[in-house]
Structure formats: C-alpha cells, structure tokens
Amino acid sequence: MPSSEISDESLLQRAGAGDMRAFEVLYDRYSPRLLGLLRQMLGDEREAEDVLQEGFLYLWDHARDYDVGRSRAFTWTVMIFRHKAIDRMRALGRRQRLNETAAIEHATLGVSGNSADETMQMKERQKQVHAALLALPGEQRKLIEFAFLKGLTHQAIAEDMHLPLGTVKTHIRRGLLKLRDLMKGGRA
C-alpha cells in the first residue's frame with residue numbers, strides 16, 4: 001500500500017512501535033503545516049524551526065502514548081507542538097525579563113561592596129533611582145514597577161490592566177530608556 005493511502009493514525013501507531021519509515025512519512029505530511037503554526041505563534045523563523053525539531057523528537061519518543069480512541073492523530077500532534085511553542089514563549093519571556101532586570105540593576109545600582117563608603121554610595125544611588133522613577137510618566141512608572149518590583153510578566157500586566165501586550169512592552173521599554181537617561185544625568 002502506498003504511503004499516501006495509509007492513515008495518519010496508522011502511521012502514528014507504527015511510529016510508536018518504532019517504525020522509522022512511518023515516522024518519516026508522518027514528518028513529511030505534518031511538518032509544513034506545523035511549521036506554519038509555529039511561525040505564527042512564535043513570530044520567529046529560527047525559534048519555530050527549533051520548536052519543530054524539538055516537537056518531532058518528543059513525538060518520536062511518545063508516539064506509543066497516542067490513543068486512536070481519544071483523538072485524531074493530527075489533533076494530538078498539534079496539541080503537542082502547541083504546548084512546546086507555549087513553553088518556548090515562556091522561556092523567551094523569562095530570558096527577556098532577566099535581561100531587562102539585569103540592565104536596570106546595572107544602570108541603576110552598579111556593582112556594590114560591603115564597605116561603609118560603598119554602602120553610603122548605594123543608598124545615594126537608591127535615592128537617585130527612586131527620584132528617577134518618580135520623574136517617569138505615570139503609566140511607564142507603574143508598568144516598570146509591576147514588571148520589576150512585583151515580578152509580573154508582560155502578559156500578566158497586559159491582562160490585569162486591559163492593555164494590548166505590545167503597548168505594555170513598548171511603555172516598559174521606553175520607560176527603561178528614560179530611566180537610564182535620567183540615571184546618567186539626562187532629562188526625561
């Protein structure tokens with residue numbers, strides 16, 4: 001029987017039993033549509049390709065768990081790839097937040113030690129940071145406080161404040177740039 005006539009469910013079950021050829025056919029059938037979905041979700045070609053590869057590795061390792069009675073093969077596969085994409089978005093968000101936090105700390109606090117002189121400098125620097133934060137426009141200050149002092153994700157802030165995610169990110173980014181300029185002696 002030609003591979004084009006074999007059902008997706010059968011291919012997935014065969015792959016679960018270790019049939020590499022069935023898995024290759026499944027890959028050829030699914031990868032274009034899955035890559036399109038991942039591109040749409042992640043907005044980045046390289047990340048989408050990475051998640052596609054990661055998803056197919058996971059699929060190969062877990063194909064034996066597929067239950068034909070519970071869902072169609074493509075539906076089950078899409079859910080796996082969707083979860084992989086969401087995991088990647090969360091990881092990217094954490095990385096971005098860590099980078100932003102490090103940038104704020106570097107720009108505002110610098111490196112501190114334990115000497116009395118350094119402690120005084122740090123207290124003075126904290127006063128400068130507080131004054132610079134107060135000099136920011138209210139919405140930018142509020143969003144930066146939510147993101148860095150309360151540790152909320154950009155998505156959580158957007159949902160809580162009923163703002164588009166892009167607006168939240170833009171205001172935080174602009175606020176951080178203004179904060180950096182203020183800390184260097186510039187104007188808001």
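Contact here means heavy atoms within 4.5 Å, and helices are DSSP runs (H or I, at least four residues) numbered from the N terminus. With that in hand, welcome to a predicted model, in which local features need pLDDT of at least 70, side-chain atom pairs count only at pLDDT 80 or more, and totals for chains, interfaces and linings use all residues. Residues are numbered from 1 along each chain as its sequence is written, and side-chain values use heavy atoms, with hydrogens and water left out.

**Helices α7 and α8**

- His154, Gln155, Ile157 and Ala158 in α7 meet Leu165, Val168, Lys169 and Ile172 in α8.
- α7 (residues 154-161) and α8 (residues 165-183) pack at an angle of about 115°, and their axes are 9 Å apart; axes are lines fitted to C-alpha atoms, for helices over the stretch in contact, and angles run from 0 to 180 degrees between N-to-C directions.
- The two helices are therefore roughly perpendicular to each other, a label that covers angles of 65 to 115 degrees.
- α7 passes α8 in a right-handed crossing, meaning that the near helix is turned clockwise from the far one by less than a right angle.
- The loop between α7 and α8 holds His162, whose phi is positive, near 55°, although the residue is not a glycine.
- Most residues other than glycine have a negative phi.
- His162 is exposed, with a relative accessible area of 73%; exposed means over 50%, buried under 20% and partly exposed in between, with a 1.4 Å probe and protein chains only.

**Nonpolar cores**

- A nonpolar core is a set of buried Ala, Val, Leu, Ile, Met, Phe, Trp, Tyr and Cys residues joined through side-chain atoms within 4.5 Å.
- The largest one has 26 residues, and those with the most contacts inside it are Leu12, Leu34, Leu38, Leu52, Phe56, Leu59 and Phe81.
- At least two residues of this core come from each of α1 (8-16), α2 (20-42), α3 and α4 (73-108), and α2 gives the largest share, nine residues.
- Leu59 is in contact with Leu12, Phe23, Leu26, Trp76, Thr77 and Ile80, leaving aside neighbours within four places in sequence.
- A second, separate core has 17 residues, including Ala132, Ile157, Val168 and Ile172.
- In soluble globular proteins, nonpolar side chains tend to be buried together.

**Helix α1**

- Asp8, Leu11, Leu12 and Ala15 are buried in α1.
- Seen down the axis of α1, the buried residues fall within an arc of 100°, so they line one face of the helix; the arc is that of the directions from the helix axis to the C-beta atoms.
- Gly18 follows α1 and has a positive phi, near 100°.

- Glu47 is found in α3 (residues 45-62) and is buried, at a relative accessible area of 13%.
- Ala73 lies in α4 and counts as buried, at 0% relative accessibility.
- Trp76 and Glu9 are 67 residues apart in sequence and 10.0 Å apart in space, C-alpha to C-alpha.

Methods
Parallel < 35°, antiparallel > 145°, perpendicular 65-115°, else oblique.
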